[in-house]
Amino acid sequence: MFLAHEKRRNIVTKLSSGSVFCILFFTVVSVYLICGFLYKRIVIGAKGLEQIPNYTFWRDFGNLQADGCDYICRCGPRQESQAYRGIDDHLKMDEERDDQLLNM
């Protein structure tokens, strides 16, 4: 019985590497947010959501992840967006509209 009691006292508990990583991660994130809020509030004079450090990046973060997933995971031909048209396309559209404007 005495030996069992001695063994329990000599047990040293250690933090796992995952625990150390989580502690460091949350500490760094907390310092980043607190210092970023204070800097933007005091030095720059931001109000509301503009106080969040790198707000435009975090606002678009979900879209950036979706674009990355779309680029990596989807197979097959990609459809080109019609948002950007060449100069020729624009001129052709103007010519078609001009014909309707002329009264003859």
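Biologist: Leaving aside neighbours within four places in sequence, what is Gln 51 in contact with?
Modeller: In this predicted model, Gln 51 is in contact with Gly 36, Phe 37, Lys 40, Arg 41 and Ala 46, once neighbours within four places in sequence are set aside.

Biologist: Where is Gln 51 found?
Modeller: Gln 51 lies in the loop between helix H2 (17-44) and helix H3 (55-73).

Biologist: Buried or exposed?
Modeller: Gln 51 is buried, because its relative accessible area is 13% and the cut-off for buried is under 20%.

Biologist: Which side chain does the Gln 51 side chain join in a polar contact?
Modeller: That of Arg 41, in a polar contact of 3.2 Å.

Biologist: Back to H2. How many residues does it have, and what does it reach from its first C-alpha to its last?
Modeller: H2 has 28 residues and reaches 39 Å, close to the 40 Å expected at 1.5 Å a residue.

Biologist: What follows it?
Modeller: Gly 45 follows H2, and its phi is positive, near 85°.

Biologist: Which residues does the UniProt annotation "transmembrane region" cover?
Modeller: According to the unreviewed UniProt entry, the "transmembrane region" covers residues 20-39. In the model, residues 20-39 are 100% helix and 0% strand, with the end C-alpha atoms 28 Å apart.

Biologist: Now the loop between helix H1 (2-9) and H2. Which residue has its place there?
Modeller: Ser 16 is one of the residues in that loop. The side chain of Ser 16 makes a polar contact of 3.1 Å with the side chain of Ser 19.

Biologist: What is the relative accessible area of Ser 16?
Modeller: It is 42%, so Ser 16 counts as partly exposed.

Biologist: Zooming out, how many helices and strands are in the chain?
Modeller: Four helices and zero strands. Read from the N terminus, the order is α-α-α-α.

Biologist: What share of the residues is buried?
Modeller: Buried residues make up 4% of the 104 residues in the chain, and Gln 51 is one of the buried residues.

Biologist: What does the accessible surface come to?
Modeller: About 10,300 Å² for the chain, with 62% of that belonging to carbon and sulfur atoms.

Conventions: Residues numbered from 1 in each chain as written. Predicted model: local features only at pLDDT ≥ 70, side-chain atom pairs only at ≥ 80, totals over all residues. Heavy atoms only, no water. Helix = DSSP H or I, 4+ residues; strand = E, 2+ residues; numbered from the N terminus. Buried < 20%, exposed > 50% of the residue type's maximum accessible area, 1.4 Å probe, protein only. Areas by Shrake-Rupley, 256 points an atom, 1.4 Å probe, with all protein chains shown as cover. Polar contact = N/O pair within 3.5 Å; in protein donor to acceptor, adjacent residues only side chain to side chain. Contact = heavy atoms within 4.5 Å. UniProt positions renumbered as here; feature names shortened; annotations may be inferred. Expected span 1.5 Å × (residues − 1).
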